[in-house]
Structures are given as structure tokens and as C-alpha cells.
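Visitor: Could you take me on a close look at a single part of this structure? I would like to see how it is placed among its surroundings.

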Amino acid sequence: MCLAIPAKVIAIDGYLAEVECFGNTRKVGLTLKPETKIGDYVMVHAGFVIEIVDEKYAMESQELWKEMIKHEQHED
Amino acid sequence: MSSMKTNVYRDPVLGKELIQAIKKQAKIFQEKNGRKVNLMEVCGTHTVSVSKAGLRDVFRDDIELISGPGCPVCVTSHEDIDYMIELAKQPEVIICTFGDMMRVPGSHSSLAEEKANGHDIRVLYSPLEALDIAEEQPDKKVIFLAVGFETTTPAIAATIDMAEKREIDNYYVFTVHKICPPVVELLFNDPKLKIDGLLLPGHVSAIVGRKALDFIATEFKVPSSIAGFEPLDVLAGMYDIIRMLNQGEAKVTNQYLRVVTEEGNKAALDMIAKYFEAASSNWRGIGSIEGSGLVLKPEYQKYDARNLYDITIPESSNTRGCRCGEVLSGHIKPTDCGHFGRSCTPVSPVGPCMVSYEGTCATYFKYERKV
Ligand code: SF4
Ligand code: SF4
């Protein structure tokens, strides 16, 4: 039921958007995330955008994980 | 290529290092407690990620990974499936549903069988399409089968909102929505399970926000982590939990920062609050749990498909002895069920856990069978 891969918003028409994911396009609702803009990466659930994926945070969690490992290795 | 690079979350080097870090913490736990650590993945999509990445096998000696009641298709009760089937038989009705629901066995039949019998049942990608169908066919009653957790409920609420705005008055929903906290509480209180930590669903958390899940740590003292669905997301969440356990800490951490915020999605939460209220709900194989469902508020009853017909369903039963209830509540593994892989396969499923893409039995059948 759930698509866990972010899709890219390529067009917006009022409360509907067109998103693209792996070459497929789909019409999705924006009611739950009205601030969505063209070019955003979004999580879609049951035909609606539920969240915009924050690329800054995406990079941060990478750094966080590397930290975690470093920390763990230091304890040896 | 315009798809965002998701493969950074599959980085094999980082993955291996994380696995080592987790194993090290898991050993510490085992030495301290004389047993393996029990982690439950609540969400069906996590069950798939964990199995697909081979993590159950990787951690065979260190961690007991228990699959929880996280697939909305699987937890829908017999009675509710039976009701949907009776609805589908009404003359002027068009039933719209997500694909997974089609083959879920009711007591006597399934939606797929009823479609074969000539009833108008359509598989949709989105409930938005159901609105279009309703608009195009005003002489029909278009009913969307609204299944799902906090992630799906706001989407369904949004379609009612749109139906109101577009003045579509032949669109209805049959709600079997469920919410996660009450069932989580039930599992914690089960002395047989001994859950040490929870891997929390990324998308439910995107809606409700990290803070709303703090009760798991404060009330139950169980460390938990919100995780995304890529292998590294899952590993990071597992590491957090075991480390907290070893340090005697209990918090709800967020390892899905790129999607989950502290407060959640306000517009979605407002949508739920506008149209829905809590009610008791019936979980397959588990039974009725108070406050674990969401139903339309009294002022929106005209959208509720339950009010359309006077339907009495024939006696509901689990005639074929499917043990989904025990699988869903983490009491047995799919392989402990006598039907598994013999009389029950994805091609001819006995229970919903073998039907749904995120079903625990289907996942084990696909990825955990040693041939
Ligand atoms: S609805 Fe979302 S949170 Fe629930 S099982 Fe599916 S992916 Fe997980
Ligand atoms: S193997 Fe089949 S019958 Fe057994 S619990 Fe799973 S779905 Fe039900």
C-alpha cells in the first residue's frame, strides 16, 4: 500500500500535482502538504503528498551515522 | 535522471560498519541479560526491508527480530471483509479499493471472487480516482474501502473534503481505519512477548510527529527509534535502540530526519481531527481494542457507507485455521503455522498475511525460505 521512495514534483495545478518516480508519472493530491513546490522531492501515501523530503537533513543523517560508527570504534 | 539518489542509503561499506556496531552492542546486551535482545518492527514495510536486506539472517545469533501488526490489510477483521463483500453485491454500487484488499479471504469469499462473479469492484492507485468515477457516474454509489493507519486516514479525509467542495454526493467511504498506540500498548502488556525495543514506522511518524510517540519511552520505558525503509535507516534505528538498552536509557529517537519532524504534519492532523473520531476497532485474530480505530464524526455520517444499506453479514469465521492473529501479535513466526508454504502460498493464500505485499507471511515466503 505504501510507496517509500521519494517522487519529484514536476507540475502543480491547484490542489493536484504531477509527480515522477523512476520514469512513471502520477497525479497526486496536495491537500495534506499545500506548501509543496515544483522540484520538491516528496513522500506520497495513498495518493497524497504527506511530506517533503528535506535534503539538508538527508545529508545530516549520513554524517550522524558515520559519527555513530566512529564513536563505536573508539570504544575498542 | 531526476529521481533522488536513494542509493546513498544502501552504501555497503557504511552498512557493514553499522552491522558490526550493532552486533557489538547486542553482545553486550546478551552478556548482561543472558538472552538475545527482542526487537519488534511494527510496520509491514519494515518487515519487508529487514527480510529483503537479509538482516534477520545477519543478526540470527544476536537479535530476535519480531514482526508486529503493521500491515493494515492484514489486520482488517473477517467481519469487516465480509461486510465489504456484502456491500459489493448491492446493485448500484461501485467498490473502489487498493489492490492488496482484493484477495484477502473473508469467511466465505473474497472481493476478487465477487469481481469474477460480475460485481463492479475496481482497484485504484488513489482514492482521488474514486472521486472522478463518482462524478462521471452520478447514478452509482461509489464506495472507497478505507483501510490503513494514520498515514492513510488524512488522505481519505482529504477526499471527503474534496467531495464536499466539488459537491459530489455519491461518494462514500467504508472505514476500517486503525491507529497504532493502543495496539502497541497491548503488546507491551503481554508477558509472553518481552519486547525490548520498537522500530517505529516512518510514515505514521511523518504524520503524527516524533513527539507524539514519546509515550512509548515515558509510559512503558521501552527505547524506540523511528526509521526509514532503506537498509541504513533500519540499521541506524536498531543501533540506537540497543545502545539505549545497554545504557539503561529509554527515548524515542528519530533516524528518519529527512521525512519525520518533531510535530508531524499539521495539515494532515487537522484533516483527521475535522472528519474522524476515535472508536473501538476489531483487529484480525486479536479482537476488539478500545480506541484503536477512527470513524467518521456524526456530522459527516452521510459519507459513511455503513448507513447505506441494512446489511446483515452471515456468521463470520476463520474456517481454515489461519494463524494470522498469532503472527500479527508476534507470538509465532510464519514458519510455525502448519499452512505456511504448503497449503498457504502467495498464489493461493489462506490468510491475509500471505496476500498483502507487506504481509509477514508473504515476506517470509519470499525472502526467508531456505531452499
Ligand atoms: S501503512 Fe505505512 S506505516 Fe503502515 S505498514 Fe504500510 S508503510 Fe508501514
Ligand atoms: S501461513 Fe497462511 S495460514 Fe498461516 S498464518 Fe500465514 S497467512 Fe495465515
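**A helix and its surroundings**

Guide: Happy to. Let us begin with the residues of H5(B) that are buried: His78(B), Asp80(B), Ile81(B), Asp82(B), Tyr83(B), Met84(B), Ile85(B), Glu86(B), Leu87(B) and Ala88(B). Please keep in mind that this is a predicted model. Helix H5 of chain B spans residues 78-88, and because 10 of its 11 residues are buried, it is largely enclosed by the rest of the structure.

What does the covering? The buried residues of H5(B) are covered by parts of chain B that include strand E3 (93-97), helix H6 (111-116) and strand E4 (121-123). Also among the covering elements are strand E5 (141-146), strand E6 (171-175) and strand E11 (276-283) of chain B.

Lys89(B) lies in the loop that runs between H5 and E3 of chain B. Leaving aside residues up to four places away in sequence, Lys89(B) touches Glu114(B) and His119(B). For a sense of scale, look from Lys89(B) to Ile195(B): they are 106 residues apart along the chain, and 43 Å separates their C-alpha atoms.

Definitions and conventions: Residues are numbered from 1 along each chain as its sequence is written. Chains are lettered from A and ligands numbered from 1 in the order in which they are written. This is a predicted model: local features need pLDDT of at least 70, side-chain atom pairs count only at pLDDT 80 or more; totals for chains, interfaces and linings use all residues. Side-chain values use heavy atoms; hydrogens and water are left out. Buried means under 20% relative accessible area, exposed over 50%, partly exposed in between (1.4 Å probe, protein chains only). Helices (H or I, at least four residues) and strands (E, at least two) are DSSP runs, numbered from the N terminus. Contact means heavy atoms within 4.5 Å.
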